Amino acid sequence: MGLTKEQILAAEDMGLLEMAVPEWGGSVHIRVMTVGERDSYENEWMANKHKGVENFRSKFLQRVLCDESGKLLFAADEIDKLARKSARAIARIWSAAMKHNALNDDDVEELAKN
């Protein structure tokens, strides 16, 4: 039997991933973006791909780094602050966040082609 609209909308599918970040002395939580958030991120990327998206990783992480209740840690106007953090730490978090959000390097390359 198929799911009803109510069952689909009530399903908890926004799981959190906790990740240790030794450079920061603790751990962070990574949430799954909504499809609307992902579409917005991809649309921004595609609209600016000819010149590149400034703070590409930080803009993505701003949308997924959260506390244990799922509340975002950084507002959109704080992306530049996140962009000043260690590239080593951010790269590791970004890779985990991409995987947790079912994104991979092939998806990024596909966006570049469109």
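Trainee: Why is L9 called exposed?

Mentor: This is a predicted model, so every value is computed from it. L9 has a relative accessible area of 69%. Exposed means over 50%. L9 is therefore exposed.

Trainee: Where is L9 found?

Mentor: In helix α1, which spans residues 5-10.

Trainee: What makes L3, I8 and L9 a nonpolar patch?

Mentor: A patch needs residues with over 30% relative accessible area and no salt bridge, and nonpolar side chains are joined within 5 Å. L3, I8 and L9 form such a patch on the surface. Together they have about 360 Å² of accessible area.

Trainee: Now S58. Is S58 buried or exposed, and how do you know?

Mentor: Its relative accessible area is 6%. Buried means under 20%. So S58 is buried.

Trainee: Which element holds S58, and what is S58 in contact with?

Mentor: S58 is found in helix α3, residues 56-62. Leaving aside neighbours within four places in sequence, S58 is in contact with I79, L82 and A83. Contact here means heavy atoms within 4.5 Å.

Trainee: What makes a set of residues a nonpolar core?

Mentor: The members must be buried residues of the listed nonpolar types, joined through side-chain atoms within 4.5 Å. The largest such core here has 22 residues. I30, F60, L61, V64, L65 and I93 touch the most other members.

Trainee: Which elements give two or more residues to this core?

Mentor: Strands β1 (16-21) and β2 (26-31) do, along with helices α2 (35-48), α3 and α5 (87-100). The largest share, 7 residues, comes from α5.

Trainee: What does F60 touch?

Mentor: Not counting residues up to four places away in sequence, F60 touches M33, Y41, W94, A97, M98, N101 and L103.

Trainee: How many helices and strands does the chain have, and in what order do they run?

Mentor: There are 6 helices and 3 strands. From the N terminus on, the order is α-β-β-α-α-β-α-α-α.

Trainee: What share of the chain counts as buried?

Mentor: Of the 114 residues, 30% fall into that class. The cut-off is the one applied to S58, under 20% relative accessible area. The chain exposes about 7,400 Å², and carbon and sulfur atoms supply 53% of that area.

Trainee: What share of contacts join residues at least 24 apart?

Mentor: The share is 59%, among contacts between residues at least 6 apart in sequence.

Notes
Residues are numbered from 1 along each chain as its sequence is written. This is a predicted model: local features need pLDDT of at least 70, side-chain atom pairs count only at pLDDT 80 or more; totals for chains, interfaces and linings use all residues. Side-chain values use heavy atoms; hydrogens and water are left out. Helices (H or I, at least four residues) and strands (E, at least two) are DSSP runs, numbered from the N terminus. Buried means under 20% relative accessible area, exposed over 50%, partly exposed in between (1.4 Å probe, protein chains only). Patches are made of residues with over 30% relative accessible area and no salt bridge: like charges are joined within 9 Å, nonpolar side chains (Val, Leu, Ile, Met, Phe, Trp, Tyr) within 5 Å. Accessible areas come from the Shrake-Rupley method with a 1.4 Å probe; for residues, only the protein chains shown count as cover. A salt bridge is a side-chain nitrogen of Lys or Arg within 4 Å of a carboxyl oxygen of Asp or Glu.
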